[in-house]
Amino acid sequence: MTRVLVIGAGLGGLTLAHTLIRAGLDVRVYEADNGTGERAQGYRIGLGPPAMEALRAGLPPRLYELAEATSGSLTGPGLLFDHRLTLLGDDLPGPEESRAFDRQVLRQILLGDLGGRAAFGKRLKSFAEGADGTVTALFADGTQATGDVLVGADGGSSVVRRQLVPEVKLIDADLCGVMGRTPAADRFLALVPGRGTMVKGPGITLMLGRMQFGREPSETAAELAPGLPMPHRESYVRWVLLVPPDHPAATAPGREDARELALELIDGWHPDLRDLVRGADMSSVGRSKIHDRPMPPWQVGRVTLLGDAAHLTPASGGNGAGTAMLDAVRLSARLTEVDQGRRDLISALDEYQHDLLERGNAAVEAGKRAMHRFVPAVGAR
């Protein structure tokens with residue numbers, strides 16, 4: 001039986017774990033975080049049909065039913081307003097068939113039914129391929145794990161990628177912003193009647209998205225997946241305030257109070273928008289990062305990459321999670337062929353790498369193009 005070590009318990013790595021388990025492979029997931037609690041990686045995400053099929057292919061039926069039941073609609077027009085909420089257009093591009101998911105809820109679902117296959121507090125230091133056809137992961141706590149394949153699903157700052165493809169660096173993308181989520185009062189939901197809303201102000205952009213759960217997650221989990229831990233979560237409006245990278249808010253030293261920064265930036269905007277920000281649970285001030293070049297091929301061995309570790313997409317693309325899940329399904333299919341003796345490991349991983357880089361680099365480029373819709377050109381005020 002092929003033994004697979006997955007480094008990183010994000011959406012892509014967990015999707016891979018489930019698809020491999022269903023195919024009968026031996027898989028273990030190692031996560032640097034100390035527990036399963038929320039991670040500051042954003043709130044609402046949209047998954048299109050390919051990602052939904054990846055979920056269906058990987059998850060046990062009860063967990064897929066839970067994911068589908070708690071998801072929300074992303075149908076309806078994409079609206080464009082100015083900062084005084086004057087309607088400027090109702091045809092913003094966007095996926096019509098996607099479903100909205102809360103990232104933390106979906107991750108909790110993906111952690112379900114893994115049993116003892118997921119270990120936390122395992123920060124990878126390095127890996128080593130052995131002469132005996134194995135690969136060993138060495139962790140910061142002094143422990144190690146050995147398998148036949150190691151998959152770096154450890155995000156944009158991937159330790160696996162830094163060792164495997166050290167010439168690829170990260171740079172700041174032309175995107176900087178503040179993020180928050182606000183409980184879904186009727187007047188805030190009215191700002192986002194469809195798949196999303198863009199508010200264009202002087203030199204800055206506010207993006208709004210509704211996360212209206214089909215069913216409240218904790219109650220639904222108790223019914224459909226008894227025993228699965230799930231926090232109570234109310235519907236909300238996710239918002240992201242974006243500025244160009246040369247904006248004073250992006251270049252000034254870090255601010256402790258992200259809400260106050262956001263309110264300063266939208267001073268004089270429509271009261272509903274200011275109240276939306278004022279009433280939010282805040283995330284943080286942050287900059288989007290991307291690789292400084294298209295991801296190049298690497299020497300195919302027993303170590304490969306998945307998701308943001310291979311193709312770090314700007315947040316503006318909205319396709320990072322879905323692309324990672326599709327990576328997981330494609331990689332699982334190749335490793336299953338190896339496990340069944342239908343092909344050798346190196347040729348299987350070579351085919352996966354070619355597909356990964358073609359799709360992943362295209363997703364990164366799509367995200368870069370999308371940035372121009374969200375923020376004015378540098379220096380445009």
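**View 1. Helices α2 and α11 are oblique to each other in this predicted model.** The axes of α2 (residues 49–58) and α11 (residues 320–339), being lines fitted to C-alpha atoms over the stretch in contact, come within 9 Å and cross at roughly 45°, and the pair is therefore oblique, a class left over once angles under 35 degrees (roughly parallel), over 145 (roughly antiparallel) and 65 to 115 (roughly perpendicular) are set aside, with angles running from 0 to 180 degrees between N-to-C directions. The contact, meaning heavy atoms within 4.5 Å, is made by Ala-51, Ala-54 and Leu-55 of α2 together with Gly-322, Met-325 and Val-329 of α11. By class, five of these residues are nonpolar, one is polar and none is charged, where Gly counts as polar, and Ala, Leu, Met and Val count as nonpolar.

**View 2. Helix α1 is largely enclosed by the rest of the structure, because 10 of its 12 residues are buried.** Buried means under 20% relative accessible area with a 1.4 Å probe, protein chains only, and the residues concerned include Leu-11, Gly-12, His-18 and Leu-20. Helix α1 (residues 11–22) reaches 17 Å from its first C-alpha to its last, close to the 16 Å expected at 1.5 Å times one less than its number of residues. After α1 comes Gly-24, whose phi is positive, near 90°.

**Notes to the views.** Residues are numbered from 1 along each chain as its sequence is written, and side-chain values use heavy atoms, without hydrogens and water. Local features need pLDDT of at least 70 and side-chain atom pairs count only at pLDDT 80 or more, whereas totals for chains, interfaces and linings use all residues.

Note on methods
Helices (H or I, at least four residues) and strands (E, at least two) are DSSP runs, numbered from the N terminus. Buried means under 20% relative accessible area, exposed over 50%, partly exposed in between (1.4 Å probe, protein chains only).
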